[in-house]
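Here is a short tour of one chain, with a few stops along the way. Please have the sequence and the 3D view open side by side as you read.

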Amino acid sequence: SMDFVSDQLATGRRFRIFNLVDDFTRECVGQIVDFSISGQRVARYLDEVSTTRQLPDEIVLDNDPEMTSKALWFWSQKRGVTLNFIRPRKPMENPFVESFNGKFRDQCLNEYWFTDIADARRIIETRRFHYNEERPHSSLDRMPPAMFARAIQSLDTGHDGIE
């Protein structure tokens with residue numbers, strides 16, 4: 001799943017965060033933090049992610065202008081990924097990323113006063129690492145998402161990856 005949230009710097013300037021979440025492992029696969037994030041930028045970022053992770057068959061997303069852009073549509077056609085758009089004003093149709101967004105807002109955005117965009121990027125990346133690697137997740141038998149992902153991967157490969 002993928003979605004956007006926004007916040008503001010101490011100066012009052014608004015910025016956006018693109019969140020990419022693996023619905024199965026609950027990992028926050030990645031985030032883009034910037035003042036403006038176009039559909040073309042999202043497509044390039046998804047290509048970057050695909051160098052280390054297999055692309056899913058489908059991505060659930062809402063109807064933001066960036067998500068409905070030609071750039072993202074062409075990307076999905078080229079990569080064979082279905083873009084599954086939720087209905088307008090129905091965030092409950094994208095529950096995994098919406099749940100992540102709520103926790104992210106409560107545990108990061110509401111907790112920090114970002115001095116500039118570099119500060120926001122640094123803090124948000126640190127928080128993403130904590131969320132993936134250290135924070136237990138109730139739906140994953142109290143395992144952090146990255147540990148759960150490694151355990152699942154070890155089952156697929158036959159190696160014991162459970163720590």
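Asp-141 lies in the loop between α4 (117-133) and α5 (145-157); helices (H or I, at least four residues) and strands (E, at least two) are DSSP runs, numbered from the N terminus. Before going further, note that this is a predicted model, in which local features need pLDDT of at least 70 and side-chain atom pairs count only at pLDDT 80 or more, while totals for chains, interfaces and linings use all residues. Residues are numbered from 1 along each chain as its sequence is written, and side-chain values use heavy atoms, with hydrogens and water left out.

**Positive phi values**

Phi of Asp-141 is near 55°, a positive value in a residue other than glycine. Arg-142 is found in the loop between α4 and α5 as well, and this residue has a positive phi of about 65° although it is not a glycine. Asp-141 counts as exposed at 67% relative accessibility, and Arg-142 counts as exposed at 53%. Here, buried means under 20% relative accessible area, exposed over 50%, and partly exposed in between (1.4 Å probe, protein chains only).

Just after α2, Gly-80 takes a positive phi of about 70°. Gly-80 sits in the loop between α2 and β5 and is exposed, with a relative accessible area of 57%. Between Gly-80 and Thr-52 there are 28 residues in sequence and 17 Å in space, C-alpha to C-alpha.

Which residues of helix α2 are buried? In this helix (residues 70-79) they are Leu-72, Trp-75 and Ser-76. They cover an arc of only 95° around the axis, which puts them on the same side of α2; the arc is that of the directions from the helix axis to the C-beta atoms. As background, an α-helix has 3.6 residues a turn, so residues three or four places apart point the same way. On the face of α2 turned away from its buried side you will find the exposed residues Lys-70, Phe-74 and Lys-78.

The cover over the buried residues of α2 includes β1 (2-8), α1 (39-49), β4 (58-61) and β5 (82-85). One of these, α1, deserves a look of its own. α1 and α2 pack at an angle of about 25°, with their axes 7 Å apart. Axes are lines fitted to C-alpha atoms, for helices over the stretch in contact, and angles run from 0 to 180 degrees between N-to-C directions. The two helices α1 and α2 are therefore roughly parallel to each other; angles under 35 degrees count as roughly parallel, over 145 as roughly antiparallel, 65 to 115 as roughly perpendicular and the rest as oblique. From α1, Gly-39, Gln-40, Val-42, Ala-43, Leu-46 and Asp-47 meet Ala-71, Leu-72, Trp-75 and Arg-79 in α2, where contact means heavy atoms within 4.5 Å.

**Salt bridges**

A salt bridge is a side-chain nitrogen of Lys or Arg within 4 Å of a carboxyl oxygen of Asp or Glu. By this rule the count comes to 10 salt bridges. The table shows some of them.

| Pair | Closest N to O distance |
|---|---|
| Arg-121 and Asp-34 | 3.3 Å |
| Arg-87 and Glu-93 | 2.3 Å |

Arg-121 forms a salt bridge with Asp-34, and the pair links distant parts of the chain: Arg-121 is in helix α4 and Asp-34 in strand β3, 87 residues apart. Arg-121 counts as partly exposed at 35% relative accessibility, whereas Asp-34 counts as buried at 16%.

In the pair of Arg-87 and Glu-93, Arg-87 counts as exposed at 52% relative accessibility, and Glu-93 is partly exposed, with a relative accessible area of 26%.

Glu-133 counts as partly exposed at 30% relative accessibility, and Arg-150 counts as partly exposed at 30%. Salt bridges that share partners also join Asp-22, Glu-27 and Arg-53 into one network.

**A buried arginine**

The last stop is Arg-26, in the loop between β2 (14-21) and β3 (28-34). Arg-26 is buried yet has no salt bridge; the nearest side chain of opposite charge, Asp-22, is 6.8 Å away. For charge, Lys and Arg count as positive and Asp and Glu as negative, while His and the chain ends are not counted. Leaving aside its neighbours within four places in sequence, Arg-26 is in contact with Val-21, Phe-96, Tyr-131, His-137, Ser-139, Leu-140 and Pro-145.
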